[in-house]
Structure formats: structure tokens, C-alpha cells
Amino acid sequence: MTMAQTAGAARTFPQGEPIIQCQGVHKWYGEFHVLKNIDLSVAKGERIVICGPSGSGKSTMIRCLNRLEEHQKGSIIVDGIELTGNLKNIELVRREVGMVFQHFNLFPHLTVLENCTLAPIWVRKKPKAEAEEMAMRYLKRVRIAEQAHKYPGQLSGGQQQRVAIARSLCMSPKVMLFDEPTSALDPEMVKEVLDVMIGLAEDGMTMLCVTHEMGFAKSVADRVIFMDRGEIVEQNTPNEFFNHPQSDRTKLFLSQILNH
Amino acid sequence: MTDNVHTGNIHTGSIPDERPPSNTVGPVAWLRNNLFNTWYNALLTILIAWLLFKAIPPLLDWLIFSANSFGTPPQVCRQEGGACWTFVSEKLRFVMFGTFPYDEQWRPLVTIVIIIALVLASCDRRFWKPWLALVWIAGLTAVGVLMWGGVLGLTYVENTLWGGLPLTLMLSVVGLSVAFPASVLLALGRRSQLPAIRVISVTYIELIRGVPLISLLFMASVMFPLFLPTGVNFDKLLRAQIAFIMFAAAYMAEAIRGGLQAIPKGQYEAADALGLNYWQAMGKIILPQALAISIPPLVNTFISFFKDTSLVIIIGLYDLLGTAKAALSDPAWRGFYREAYLFIGVIYWVFCYSMSKYSQKLERDLRRGHRR
């Protein structure tokens, strides 16, 4: 073993107060074992990129964190609340955890502004004027304020994804989950979405991103997690992860995505 | 035309616009494209033209040219042939209001006006606010007061005397407006995560949908009283109304379920991920989209139930069709069934066609803007 590898392997995460703690999490789809003994602790303000081949369970894992998927074994504690069948607790966690989807999932029957104000008004019980003011602030931040009164169907993919990010931010979440946010975009629109995400990271948002954008991982992540066949195979700082991968599976994966 | 049309690969746009060839525009081209484009279409066109030529003149002759105008006595009508519109003018009030006391028939007339006004007001999307429900309650209370009477100096009129258009409108409008929310709950229940609610909804829908409406009406009028303790008497009209509501709710629930199934899973997930609870997610995200998709099958059900109210005749209630039939049983006017059925057919058609037209407009309005 080289020095670098030892140093990388020995490094422990996280370094701050944890906001998400998963211990021994398992999940099955019928007979299929999707998540195997996941231990993951995320500190406040940490920026994590999760990568791995398709079908490795990375989306399933982050979807367990706001219980869009149910885990069958182990414990997940988010913001001090354990995720169980308790609906009230699930709703409490979900208001603190924003999620951005691969296919945006904006509400097509509402305008961009209404998409952003709906949850603050109904879940956070904010007055309409206040919710709108905040929505406009976030829409400005994702540089799409001038489209506020359009419907999602009238926007490009990149614009829709930026609205989806603003919609999540309007709930003032403590954690943001990104589930392949740029995978459904035309190549020329990837950058505008990544720029918004980089801005968020710079502002200290706790983020977990499932993405294949390795450039993004290198420039903003505090930690890169590599998953394969339902397991966390390796996790490290981007520098160590890309320059000194430990396991053969990681090396193979990196060679496949970086050499083309 | 000129040599400099193309400069390299750059089109300079100097070809002047020309008119299309004369055989591709104008009435002759239209005829050729639409009526005579193939030999069998040409044949069909000729056949249909011949049928129309055979059918329309006699029809117009009966309807208008040889028709006997209002006031011609029935005996004369019978000799003359041609439509006898006296039947309509003579029997108008009976067909419209049934056996409601003659001097009090302004009351069902006002009822008709109130119900139509309520429906028209509800058609405007700007009025889709919570207070509309209050307007409906007030309107229907007014209708009840007018029809029953017994207060405010109005004489009491038993509901066995009600009939004609107000009865048709009340059965369908009250029936559909109660059945609609019930059907939404049933449709949601059928897709519920809770097994008990799902089983109840499925059982209800399949049970009610599996029997003919006519048998449900019979059951409501004949069998239901058998289960009640003696002395307790449930109003016949109310029983028919409940049977209608139960039946319509089951049918509409299936129309709405179709819409619910068309909503992508991502919409549910996005609503959940934002922390909306079940009713918020359904009320704000899922139902507005699902109902918009369900408009064509829903309106189909609305139209068919509006007409199916005429089945109440089998349990002795006289709706519009019933009063028309009753009018025909008057010995002096026996045999003028064409005039009678044509007249009420036109009334039914006006209502159903308005529903259809409105639904098309609503679909256009709701689709505007939010195309995926």
C-alpha cells in the first residue's frame, strides 16, 4: 500500500455535527437486495457526490432519506427524527429535505411562481405575499425570475430544472437531495443547472447529489461516495477518490467514465 | 428565374411568391379532395346526396310547409296531415310542469330559471371559489321552498304532483352535484394504500356498476321500504334521487380513476417530497390534473345521466318524458306522438349539446398554457 492510499482509507467522515445518520440500512425490492448494510453519516454543510454504475442503488439510497422509498432494516435519522412508518414524522422530515428529480416533476397545471409558493403556503402556512416574495428571490437566484408567470411546459429543460431547484429552496430546507439532476437535459443545458448547484454549494447548503458529472464532483464535493451492487464500496475526498482509488471496482468504474 | 438566386450556398430569397396551381385551390379542388377523391367515395357521395334529396323535402314539408299552425283543432290536423303544432302550444304547460297546480305553475318556472342560473354561474371558472357552494345551498333551498311551499304564504304542494322539466332538472342537477364529490372519494378510495378503504370502494363500484339502473330504481321504490320498520315512510322522489346518486357516483368514479392513473408517478413524488400531506397533494396537485383529463368521460356520464332521469317513469314519477307521454294519453290528442317526442327531444338536445359544447371549451381553457 502506498502512503496516499493509507491516508485516504484512514480518513473518517464526517467532521461536523451530523444531520443524517444511516446505520445498517437494508432494502429489498421483493427478493432483490437493493441496499446492503448502508452506513452513512452526513455533517451539516457537507457536499457529497454519489456515483456508481446504473442499478447500484444510489438513487434508491437518497430516496430513502426522505422516505420516497421505505427501508426494511436498519435506522435512518434525519435532522434528529427517525424515519419509520409514522406519517407525521415523515412529513416533518420532508419539509426539511428538498429534492430535485431527474425529470423535474414540476406541476404542469401551475405557473412557475405557483409551483414555488404552493408548499410554503400549505405546508409552512406562510402568508401568500410572503411566500411570493421569497419565491421571487429564489427564482432570481436561479436566474429565471422573468419566467415566473409562465407554465412549466413553456420552458426548456434546463429552465425547468432550475425552477425545480428554486421550488425546493422555497421550503428553506436543511438538506438538498439531487437525483441525477442533469441526466435528462440536453448537453447545452447541463452547465446552467450545474452553475446553480455550485452556487448553492458555495453558500454552505448540505447537499447529496447522485450525478455522473465528475467535473462537478471534483470542484465542489467534500466527499465522493462510490456505490456498486447496493453497497458503499468506497468513499473519499474527491482528490483521493479520483487520483488514488482503492478498490478494483472503483478503478474499473472510473476508467469507464473518464476514458472516453 | 434570375442567375443570382443562389450565391454559393446562400439563398438570397429573390424568388417571388407565386400563386399555387389553379387545380389545387378553390371550390372545384375542394370537391375533388373531399367528395370525389376515390371512386368509392364518389359513389358514397352520390348515394348520400340521393338519400338527402329523398328525405329532406318530405321532412321539411311535414315540419313546416304542410304543418298546421298553432290553434288548429286536432280534428282538422288529423285530416290535413302535416305536423300539428297546436299539440305543443296546447300541452306546453302540462309537458313542462306536469300535474303541478295550474295557478301555481309560476313556481316550477322560477325553479327552472334558478337551476339554470346556478349551472350557468358554475360554468364560469372565475366563480370557482368556496362561496359558490353557499350560492348553491341558497339556490337549492329557494327551489325547495318554491316547489313544496307551505311557507311564506305559498300553498303546500306534495312532491307526487311535481313533474316535467323541473323534475328532470332537479333529479339530474342535484343528483350529479352530489354524486360528483362522492365519485372523487370513491376513485381515490379505489387507489388508496389502506386495504379496508380500497376493498369497500371496489366492492361498491363493482356492485352498483354491475346492475342496471332500472333495477336499482325498482329496488329503491319497491324493495327498500320492505327493510324499513312499519310506519316509517321514505319519500319516493328522495329514494329515486338516492338511487341515481349511488349509480352515477360509481360510474363517475371509474371515469376519474382513469384520469388518476394518467398522472405520472413523479407528480406524487414531488408533492410528497415537498412535505404535502395526502389531502393537500390530492387537492392541489393530483386531482386538478386528473379531473382535467377526465372531462370527456365525465361529460359523457353527465349527458347520459341527464337523459337516464327519464327512467323514473317506471316508478311512477313524471319527468319531462313522462309528462309528454301522459299528454299523449289525452283522448283528444291521441296519436300526435311525433310532435310530442320531437318537442321534448329538442329540449333534451339543447341541454346535452350545451353540456358538450361547454366541456369542449373547458378542456381548451384548462389545456392552455400547461402543455407538457
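1. A residue is called buried when its relative accessible area is under 20%, exposed when it is over 50%, and partly exposed in between, using a 1.4 Å probe and protein chains only. Glu130(A), with a relative accessible area of 40%, is therefore partly exposed.

2. This is a predicted model, in which local features need pLDDT of at least 70 and side-chain atom pairs count only at pLDDT 80 or more, whereas totals for chains, interfaces and linings use all residues. Residues are numbered from 1 along each chain as its sequence is written, chains are lettered from A and ligands numbered from 1 in the order in which they are written, and side-chain values use heavy atoms, with hydrogens and water left out.

3. Side chains of opposite charge can pair when their charged atoms come close. A salt bridge here is a side-chain nitrogen of Lys or Arg within 4 Å of a carboxyl oxygen of Asp or Glu, and by this rule there are 27 salt bridges over all chains.

4. One of these pairs joins Asp79(A) to Lys174(A), with the closest N and O atoms 2.9 Å apart. Because Asp79(A) sits in the loop between strands S4 (73-78) and S5 (81-82) of chain A, and Lys174(A) in the loop between helix H6 (157-169) and strand S7 (175-179) of chain A, the pair ties together parts that are 95 residues apart in sequence. Helices (H or I, at least four residues) and strands (E, at least two) are DSSP runs, numbered from the N terminus. Asp79(A) is partly exposed at 27% relative accessible area, and Lys174(A) is partly exposed at 37%.

5. Glu91(A) and Lys88(A) form a salt bridge at 3.5 Å, N to O, and both lie in helix H3 (residues 87-96) of chain A, three residues apart, about one turn of the helix. Glu91(A) is buried at 12% relative accessibility, whereas Lys88(A) is exposed with a relative accessible area of 58%.

6. Lys126(A) is partly exposed, at 22% relative accessibility.

7. A network of salt bridges links Lys27(A), Arg63(A) and Glu69(A) with Lys265(B) and Glu269(B).

8. Met282(B) belongs to helix H12 (residues 278-308) of chain B and is buried, at 7% relative accessibility. Leaving aside neighbours within four places in sequence, Met282(B) is in contact (heavy atoms within 4.5 Å) with Leu188(B), Tyr268(B), Leu287(B) and Pro288(B).
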